Amino acid sequence: QDIRPPAQAPAPVALATVEPTPARRPLVSYVLPVYNEQDGITAFHTELTAALDGRPDLDFELVYVNDGSADGSLPILKRIAEQDDRVRVVDFARNFGHQIAITAGLDVAQGDAVIVMDTDLQDPPRVSLELVDAWREGAEIVHARRRSRQDTAFKRATAHLYYRILRSSTEVDIPLDTGDFRLLDRRVADELRKYRERSRFVRGIVASMGYRQTEVAFDRDERFAGETKYPLRKMARLAVDGMTSFSTAPLKMITKLGFVVLTLSLVGIVYALAMKFFRPDITVSGWTMLMVVVLFLGGTQMLSLGVIGTYVGRIYSEAQGRPLYLVREVIGADERDGGGER
Ligand code: UDP
Ligand code: MG
């Protein structure tokens, strides 16, 4: 495999001197979600292809996923596809959302490496080639990490806080300040396709997969045209998806709360009974019974919710149907199995 230079690097060279056919160039696919980007998509495509022209050592494939745009994005994409045979367009029947659009693109992309990036020029095309370089040096997942960003102060502050809370409430090593701009090796992309959960937080899934991961830092530009397609509503939904798909902290909180409430109720019950027996003169008739019943029910209910929540959590993780493990390679495999693979 000539795409991973280290030990095998000399072999293809030796082969090339014997056979005149040059080694196949690695194919790099781009997965490009588009939702109402009519004002910026042409500029994006021009800038991306200009950057790609500087890399004759690679072949490229561009997969635009039109996520149910309600504007003129689709005709523009169709025109781009007609003029450039590296371009493919997946047209969704409606708006399924950014994360699903990425997923569809990954299902279609065939490259030896797949890059996911936004189409509003916030993720600069030249940085995507830095991701490729990191990949050729042996990384299997390359995250593009935002060193700085030009979004609104609100968006920056909430994102900053969110990634830190998420990271502290899950065992998954979710990289800070990275969106969905990243490169995946073919093997990782294939494994990622096995994750078929519906409410998906792709960046979390990728982080949880393991493999050799590295980061490339970049300065995130301003949106070239139009407005963010992530209004507060979509942002909140993504945040909840991220939290609930990688952390059981909210469920554990119910259980903890249950224990606290039950302990307090028992104290309350003891107090109510003590008042009844030692200070019957100031205890209103019926008060003790009422207190005992209310506190007991409150405490046990809260704890039961926690117990039920724990089982719901297990059902949830089963329902997600994630692969149990991911294998990088099986050493000592039959030569015929691995031999023809490129
Ligand atoms: N996008 C999409 N479907 C959506 C929302 C957004 O495909 O429902 C695309 C959008 O066209 C862009 C990328 O996802 O290429 C990121 O969206 P946006 O730039 O609006 O998000 P922001 O950068 O503001 O977080
Ligand atoms: Mg953007």
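Predicted model: local features only at pLDDT ≥ 70, side-chain atom pairs only at ≥ 80, totals over all residues.
UniProt, in an unreviewed entry, places a "domain: Glycosyltransferase 2-like" feature at residues 29-192. The unreviewed entry also lists "transmembrane region" for residues 253-274 and 286-312. Keep the structure open and click along as you read.

**The annotated regions**

- Take the domain feature, which the UniProt record puts at residues 29-192. That span is 43% helix and 24% strand, and its end C-alpha atoms are 15 Å apart.
- Now look at residues 253-274, which the record lists as a transmembrane region. This span is 100% helix and 0% strand, with end C-alpha atoms that lie 32 Å apart.

**How the strands line up**

- Start with β4, residues 113-116. Ala 113 and Ile 115 point one way from this strand, Val 114 and Val 116 point the other way, and all are buried.
- β1 and β4 run parallel and are joined by four bridges. Across this pairing, Val 31 stands opposite Val 116 in β4.
- β4 also pairs with β6, this time in the antiparallel sense, over four bridges. Look for Ile 115, which stands opposite Leu 183 in β6.
- β6 (residues 178-185) is joined to β5 (residues 141-148) as well, by four bridges, and these two run antiparallel. Val 142 is the residue opposite Leu 183 in this case.
- β5 connects onward to β7 (residues 213-219) through seven bridges, and the two run parallel. Ala 144 has Val 216 in β7 as its bridge partner.

**The nonpolar core**

- How many residues are in the largest nonpolar core? There are 52, and those with the most contacts inside it are Val 31, Leu 32, Val 63, Val 114, Ile 115, Leu 183 and Leu 184.
- In soluble globular proteins, nonpolar side chains tend to be buried together.
- Setting aside neighbours within four places in sequence, Leu 183 is in contact with Ala 113, Val 114, Ile 115, Leu 131, Val 132, Trp 135 and Val 142.
- Ala 109 sits in the loop between α4 and β4. Is Ala 109 buried or exposed? Ala 109 counts as buried because it has 24 C-beta neighbours inside 10 Å, and the cut-off for buried is 20 or more.
- Leaving out residues within four places in sequence, the contacts of Ala 109 are Ser 29, Val 31, Glu 61, Val 63, Val 114 and Ala 189.

**Around ligand 1**

- Which of the 16 residues around ligand 1 come nearest? They are Pro 33, Tyr 35, Asp 67, Thr 228 and Lys 229.
- The elements that give two or more residues to this shell are β1 (27-34) and α4 (98-108).
- Sorted by class, the shell has five nonpolar, six polar and five charged residues.

**Loop residues worth a click**

- Arg 223 lies in the loop between β7 and α9 (232-246). With 17 C-beta neighbours inside 10 Å, Arg 223 counts as partly exposed.
- Not counting residues up to four places away in sequence, Arg 223 touches Asp 120, Gln 122 and Thr 228. Thr 119 is 104 residues from Arg 223 in sequence, yet 9.2 Å away in space, C-alpha to C-alpha.
- Most residues other than glycine have a negative phi. Asp 177, though not a glycine, has a positive phi of about 55°. Its place is in the loop between α6 (153-168) and β6, and Asp 177 counts as partly exposed with 19 C-beta neighbours inside 10 Å.
- Tyr 211 has a positive phi of about 65°, and it isn't a glycine either. You'll find Tyr 211 in the loop between α8 (202-208) and β7. With 15 other C-beta atoms within 10 Å, Tyr 211 is partly exposed.

Notes:
Residues numbered from 1 in each chain as written. Chains lettered and ligands numbered in written order. UniProt positions renumbered as here; feature names shortened; annotations may be inferred. Near = placed C-beta within 6 Å. Nonpolar A, V, L, I, M, F, W, Y, C, P; charged D, E, K, R; others polar. Core = buried A, V, L, I, M, F, W, Y, C linked by C-beta atoms within 7 Å. Buried ≥ 20, exposed ≤ 12 C-beta atoms within 10 Å, placed from the backbone. Contact = placed C-beta atoms within 7 Å. Pairing = 2+ DSSP bridges.
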